[in-house]
Amino acid sequence: MPLERLVTVVNPLGLHARPAARLVTVVQQFQSRVLIRRADAADFVDASSLLSVMFLAAVKGTQLVIRAEGEDEAAAIEAVAALFTENKESSHVF
C-alpha cells in the first residue's frame, strides 16, 4: 500500500523551476515510484519529471499530495516532505 503525505507550498514564488528541479533531484535518489498531485485534483503526475512537476502550477499555499510506493517509500516520502517544511532561512528554493 503506497504512503501518502499532504504538504503545502510555502515558497512565496510557488513551486517554480528551481524548487521543482530540487524536488526531482531528491525523488531520483530513491528506488520507489513517487507521484505528486494537487490536493484539489484527481490525477497524480510523476515527481521525477521536471515538466510534470512544473505543470502542477503550484503557487504559495497550494496543497499537494505526495505518494510513494516501493522498497524505500518511507524514506522517499520523508525526504520529499522535508523539502516543504525546511526553514525558509535555510533554504534558497523551498
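**Reading a helix pair: α1 and α3**

Helices α1 and α3 pack at an angle of about 155 degrees, with 9 Å between their axes. The model is predicted, so local features need pLDDT of at least 70, side-chain atom pairs count only at pLDDT 80 or more, and totals for chains, interfaces and linings use all residues. Residues are numbered from 1 along each chain as its sequence is written, and side-chain values use heavy atoms, leaving out hydrogens and water.

User: Which residues of α1 and α3 make the contact?

Analyst: Arg22, Leu23, Val26 and Val27 come from α1, and Ala79, Val80, Leu83 and Phe84 from α3. Contact means heavy atoms within 4.5 Å.

User: Where do the buried residues of α3 fall, seen down its axis?

Analyst: An α-helix has 3.6 residues a turn, so residues three or four places apart point the same way. In α3 (residues 73-85), the buried ones (under 20% relative accessible area, 1.4 Å probe, protein chains only) include Ala76, Ile77, Val80 and Phe84. The buried residues of α3 fall within an arc of 140 degrees, so they line one face.

User: And is Val24 buried or exposed?

Analyst: Val24 sits in α1 and is buried, because its relative accessibility is 7%.

Key
Helices (H or I, at least four residues) and strands (E, at least two) are DSSP runs, numbered from the N terminus. Buried means under 20% relative accessible area, exposed over 50%, partly exposed in between (1.4 Å probe, protein chains only). The expected span of a helix is 1.5 Å times one less than its number of residues. The arc is that of the directions from the helix axis to the C-beta atoms. Axes are lines fitted to C-alpha atoms, for helices over the stretch in contact, and angles run from 0 to 180 degrees between N-to-C directions.
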